[in-house]
Amino acid sequence: MRWLRVALPAGAFVALAVVVAIWPDNALDRAATETLQRATALDGVFFVASWFGNHVIDLIVPAVLFAGLLALRWWREAAAFAVSVIGTAMLDTVTKWIVDRPRPGSPVHVLYHVTGSSYPSGHVTQYSAMFGVLAVIAAHRIARPWPRRTAVAACAILLVAVGPSRIYMGAHWLTDVIGGYLLGLAWVGTVTNFYKTR
């Protein structure tokens with residue numbers, strides 16, 4: 001059953017990759033972007049939500065989190081975190097190269113200009129790798145209920161917020177974001193399956 005929870009998102013991720021490779025520009029993605037970009041009141045929230053994946057920060061944050069796990073002497077957790085982050089980055093890079101989907105452009109309002117392939121969203125896969133596995137670690141290692149719930153909730157909020165933020169900024173399509181969540185879910189599920197069985 002645990003591996004079924006990995007196989008289903010992995011299969012959906014591959015299927016969606018085929019769809020966007022064949023139809024890179026579609027009405028659903030455009031409608032989702034147009035709708036979300038009307039939420040200008042959330043502009044600041046969306047920019048903050050994407051911060052952890054921007055430029056050099058996307059290297060510094062994982063390194064700091066990894067060092068924190070080592071400082072706590074949570075060796076197995078640090079290994080799981082590293083495998084999650086590195087593995088997801090590799091899968092994301094390979095998929096981008098294969099699918100080679102163009103980024104959103106005119107008439108989409110692009111607030112944050114990025115280059116490279118659009119599918120899947122690198123921010124979403126990165127957040128899934130970092131905060132998804134951290135949520136699992138927190139749930140298993142933090143004994144006191146209040147700190148445990150706070151840590152898991154913080155990870156969940158960042159995970160939920162980053163997807164819409166990428167669409168709002170015009171950096172990704174809805175299907176890129178969904179693909180990022182599916183890839184993250186599949187890989188983090190794989191890593192945590194091994195982590196929890198040892």
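**Entry 1: second largest pocket**

I looked up the second largest pocket and found 15 lining residues, with Gly 184, Leu 185, Val 188, Gly 189 and Thr 192 nearest its centre. A pocket here is an open set of points on a 1 Å grid over the protein atoms alone, where a 1.4 Å probe fits, with protein on both sides within 12 Å along at least five of seven lines; lining residues have an atom within 4 Å of a point. The model is predicted: local features need pLDDT of at least 70 and side-chain atom pairs pLDDT 80 or more, while totals for chains, interfaces and linings use all residues. Residues are numbered from 1 along each chain as its sequence is written, and side-chain values use heavy atoms, without hydrogens and water.

I noted a volume of about 290 Å³ for this pocket, taken as the space filled by probe spheres set on the grid points. Helix H1 (4-22), H6 and H8 each supply at least two lining residues, and H8 gives the most, with 8. Helices are DSSP runs of H or I, at least four residues, numbered from the N terminus. I sorted the lining into 6 nonpolar, 6 polar and 3 charged residues; Gly counts as polar in this scheme.

**Entry 2: Thr 175**

I then turned to Thr 175, which lies in helix H8. Thr 175 counts as buried because its relative accessibility is 8%, the limit being under 20% with a 1.4 Å probe and protein chains only. Its side chain makes a polar contact of 2.7 Å with that of Arg 101; such a contact is a pair of N or O atoms within 3.5 Å, one able to donate a hydrogen and the other to accept it. Beyond four places in sequence, I found Thr 175 in contact (heavy atoms within 4.5 Å) with Leu 16, Val 20, Asp 29, Arg 101 and Tyr 119.

**Entry 3: Thr 33**

I checked Thr 33 in helix H2 (residues 27-36) and recorded it as buried, at 2% relative accessible area. Thr 33 touches Val 108, Ile 167, His 172 and Trp 173, residues up to four places away in sequence being left out. Between Thr 33 and Val 108 I noted 75 residues in sequence and 7.4 Å in space, C-alpha to C-alpha.

**Entry 4: largest nonpolar core**

Lastly, I examined the largest nonpolar core, which has 26 residues; among those touching the most other members are Leu 69, Phe 81 and Met 130. Such a core joins buried Ala, Val, Leu, Ile, Met, Phe, Trp, Tyr and Cys residues through side-chain atoms within 4.5 Å. H6 gives the most to this core, with 10 residues.

Key:
Buried means under 20% relative accessible area, exposed over 50%, partly exposed in between (1.4 Å probe, protein chains only).
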